[in-house]
Structure formats: structure tokens, C-alpha cells
Amino acid sequence: VEPIRIGLGAASADSRPLMFPKLDRARSRDSERKSDQAEAIAGLCKTYNSTVTKLLYAFAGLKSADDTEGKAATSISQALAKAERTTLMEQITNSLSGGVEKVVRSDDVALRGGVMRDLRARFAPPEKPSVCEVGVQAAVPREKRPSVRRSVSIDSSTAAGGPPAPSDDALLAQLRGEAPAADAKPAEVAATALPPPAAITEGVRSRPGSGGPTGPKGMYERQMEWERKKQDKIHQERLEKENKEAAVVAQQKARKSKLYSHVESAMKRERRAEEDGRVERAEEAAELAAAAREAAEAKARHEEAERERMQKVMQAAEMARMDAEARMEEADARAREAEARMKEARRAQEAQAEIHKEELEIRDAFGEGGLEAWPMFPGKKVWRVADGSDFDGRVSQEFRVKDAGSAEPGVSLLMGRLAGSKSATEVQCVLFDVKRMTDLDAARWWEANGHRFARRKIFTR
């Protein structure tokens, strides 16, 4: 049997699962949960990036199709397709801007700050790399200092008191071929304005015309002089060429013979005739064009007048049509009103005929007198079926019963004792309740049940 290890120091990594199984299972579940969460977030980020990329590609495709077809649509189908593409592009832009707006308007400060920092880092301009101008192993060049010449040779013309070198403005004026300025100083005055030789011996040079000390010609003065000589040479060559050409032309004119000057060339005559005919044809064409223009203008004026006349005729016809439609509508309204009155009169006539028919039916059932109303039977209509002389007239022997033969609600029978009898009773009247039966209902009931009371003599007024 393997001995049991006691103590924390003796426990190894292999014995740990045996000691804490619940803790190990919890740790494994936590790691699995973290891995699942990381995979889910990675999948969501990948889906979002791919969706944005697809939306951008779709927008580019729609924009390309829209630019290919052009701005103006030539058919209804193209216009509908263009409108649909515009709607889809607006939907894409709204979706993208809505996502950015959700991030910017988020309540989470950490999310907003992280997104803004990332955007700032993405769109930051690239910094220029710092470059060391002097290498580590190279020697730093020393600063150059202006050298001072202790002895400078003086130009012979300057030493002799001659004129100084021309200035920049004077050289440019000479190159352009302009005359020198009127206030230019003579050579003697310019010579006297030179600085003393002491300033020249210092070896300091300056540009001509700058007012500083002068010395031997420098590079700038020599270049300006070379340019002036070049321009002078080019001008001289141009003059020589023009003179040669003028001499050649003069020699050709002098050599021209007048022997056949009186002869006129047939080709020249034809050319002149053709030119004259061309002018005449041009004039005829201009006249024809003017006539055609006048005819076109007259035709246009006639068409305009005809169009105005037709427009007036159409306006009059439209007014007549509108007037006829108004009259027709009035006639229709009157016809509808007459038809409504006729229907109302027909309904009234039918109602009157129905009432007359009912009255005839009631008259046929109950005679001219009709039903009676007795004060001792309020709310009842009375129809006498037997003569009053047949009864003894004692009120104490009169009573009402329901009609067992018809079982009609609202119908009751007034019974009375016969005269000369002490116990025999007969029906002397039929009572109709006005709340349940009308005169017509009573007449129809009597027509259906009157045969049951036919053995008695009916009192008729």
C-alpha cells in the first residue's frame, strides 16, 4: 500500500487534483468561460469589420453604376433604378453614421475615450524623422571667415581717373536698347566720385551701383558684360541678315523686264473672272438667304397668328364646354330632385293606398260603424256579436273571459246571462286590447274567427 503524504510541503502538482477537486473544476469552468467570451468577442469584431467592408464595397458599386448612367435619365425604368440606388446609398450612409453616433453618444466614458484616442492615433500626421547632419566619426567643418586681401591691383582705367564700371540698371537698359538716363553723371564727375585708394587697399568688393567701394571686376560684372556683348552680336547679325535680304529683293526688282508687260495671262483672266463670279454668287446667295429668312419670318409670323387664333378658338370651345357641363349638371340636379319628389310622392301614394286598403278591410269586417269604445272598458275596443235584448241586462251577471278558441293575446270575451234563463250565458261582445292589437289586427282576427259567433244575430247599426 502506497503511504499517504501528509503536509503541504510534500504535496506535488499530481496530488493537487486529489486534494481540491471542486476548486480545480471551478478554475476549469472559469477558463472555459473566458475562452468562450474571447471567441464570441473576436467573432463579433470580425463580423463588424466584414460588414463595414461589404457596405463600403456596395456603396462604391452603386456610386459607379450611378456615375456610368449619368445624371439625366432617359426612361422611367432608369429613373426608378436611379432612385432605388440613391435610397440604398442613403441607407448605407445612415447605417455607418448611426454606428459612429452610437459610439460618440455612449454613456461609457472609457469607451468614448478609447475610441477617440485610437482615431487620433490613426489620423495623426506622420512625424519627420530626425536626421543627424554630421556623422559621429566625421569632423565638424569649421566656420568660414571672410579673408581680407592686403594688396589689390587697381584697374588701369580707375587708376588713370577713367569712368567706373557701369551699374546693373545701366547694363539692363543697354540690353533692352534704351537710352541712358538724363540725370546720369559725366565720366569726369563719376571718376571724381570714386572712393580713395585707401578703401581699395582693404580688399573689400561690392556689387556695382551699390554705393560701396569698387575694385577689379568680379564674376557678376563679367557675366553682365558677356551678356551685353552677346546681345549686341545677335542684334548685329539680325541687321546684317535684313540688309542682305533687302539687297536681294532690290536686285530682283531691278532685273524685272518690261518686254511682255502688255501681255495678259489667260489664267489670270480666268482667275479674276472666277473671283468676280464668286463675289456675284456670294451676293446672290446672300440675297437668297435674306429672301429665305424673310419668308421664314413671314411663315413664323403667320404660324404665330394662326396659333393665337387657334388658341382663342380653343379657349372659346373650352368655355362653351364648361358652360354646357354646368347646364348639364343643373339639369341633372333638377332631374334628381324631380325623381326624388316622384319617389316621395309614390311612397306617399303607396302608403295612402295601403291605408285605404286597411280601411276597406276594417270596413268589410266591422261594417260602417266599426269598433266601439265604451267608457266602462278603458283601453279596449268593443265589437258586439249579439243583440242586447237577448240578455237580461244585469251587470252583476256580466263577466270577461279569455278566448279559448284562438288563444290570441289581447282578445277577451264579455259574457252575459240570457233573458228568461237563470244560468245560461252567451258571448255578447268581443273586447280588443288597443295596446296589443290595432283595428286591422282586430279585423283580421274577426275574419278568421267570426264563424264561431255566427249563430247569434249580430247587431248592426
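Modeller: Met116, Leu119 and Phe123 make a nonpolar surface patch of about 330 Å². Please keep in mind that this is a predicted model.

Biologist: Where is Met116 found?

Modeller: Met116 belongs to helix 4, which covers residues 109-122. With a relative accessible area of 41%, Met116 is partly exposed.

Biologist: Which side chain meets Arg122 in a salt bridge?

Modeller: The partner of Arg122 is Asp118, at 2.8 Å from N to O. Both residues lie in helix 4, four residues apart, which is about one turn of the helix. Arg122 is exposed, at 62% relative accessible area, whereas Asp118 is partly exposed, at 37%.

Biologist: And what separates Glu337 and Arg341 in helix 10?

Modeller: Glu337 and Arg341 are separated by about one helical turn, because they are four residues apart in helix 10. Their side chains meet in a salt bridge of 3.2 Å, N to O. Glu337 is partly exposed, with a relative accessible area of 48%, and Arg341 is partly exposed as well, with 47%.

Biologist: With which residue does Asp439 form a salt bridge?

Modeller: Asp439 pairs with Lys381, and their closest N and O atoms are 3.1 Å apart. Asp439 is in helix 11 and Lys381 in strand 1, so this pair ties together parts that are 58 residues apart in sequence.

Biologist: How many salt bridges are there by this rule?

Modeller: The count comes to 17 salt bridges.

Biologist: Let us go inside. Which residues touch the most other members of the largest nonpolar core?

Modeller: This core has 17 residues, and those touching the most other members are Phe366, Val430, Phe432, Trp445 and Trp446. Helix 10, strand 3, strand 4 and helix 11 each give two or more residues to the core. Helix 11 provides the largest share, four residues.

Biologist: What is Phe366 in contact with, leaving aside its neighbours within four places in sequence?

Modeller: Phe366 is in contact with Leu371, Trp383, Phe432, Asp439, Ala442, Ala443 and Trp446.

Biologist: What covers the buried residues of helix 11?

Modeller: The cover includes helix 10, strand 1, strand 3 and strand 4. The buried residues of helix 11 are Leu440, Ala442, Ala443, Trp445, Trp446 and Asn449.

Biologist: One last residue. Is Glu372 buried or exposed?

Modeller: Glu372 counts as buried because its relative accessible area is 19%, and buried means under 20%. Glu372 lies in the loop between helix 10 and strand 1. Its side chain makes a polar contact of 2.7 Å with the side chain of Trp374.

Key
Residues are numbered from 1 along each chain as its sequence is written. This is a predicted model: local features need pLDDT of at least 70, side-chain atom pairs count only at pLDDT 80 or more; totals for chains, interfaces and linings use all residues. Side-chain values use heavy atoms; hydrogens and water are left out. A nonpolar core is a set of buried Ala, Val, Leu, Ile, Met, Phe, Trp, Tyr and Cys residues joined through side-chain atoms within 4.5 Å. Buried means under 20% relative accessible area, exposed over 50%, partly exposed in between (1.4 Å probe, protein chains only). Contact means heavy atoms within 4.5 Å. Patches are made of residues with over 30% relative accessible area and no salt bridge: like charges are joined within 9 Å, nonpolar side chains (Val, Leu, Ile, Met, Phe, Trp, Tyr) within 5 Å. Accessible areas come from the Shrake-Rupley method with a 1.4 Å probe; for residues, only the protein chains shown count as cover. A salt bridge is a side-chain nitrogen of Lys or Arg within 4 Å of a carboxyl oxygen of Asp or Glu. A polar contact is a pair of N or O atoms within 3.5 Å; within protein, one must be able to donate a hydrogen and the other to accept it, and residues adjacent in sequence count only if both atoms are side-chain atoms.
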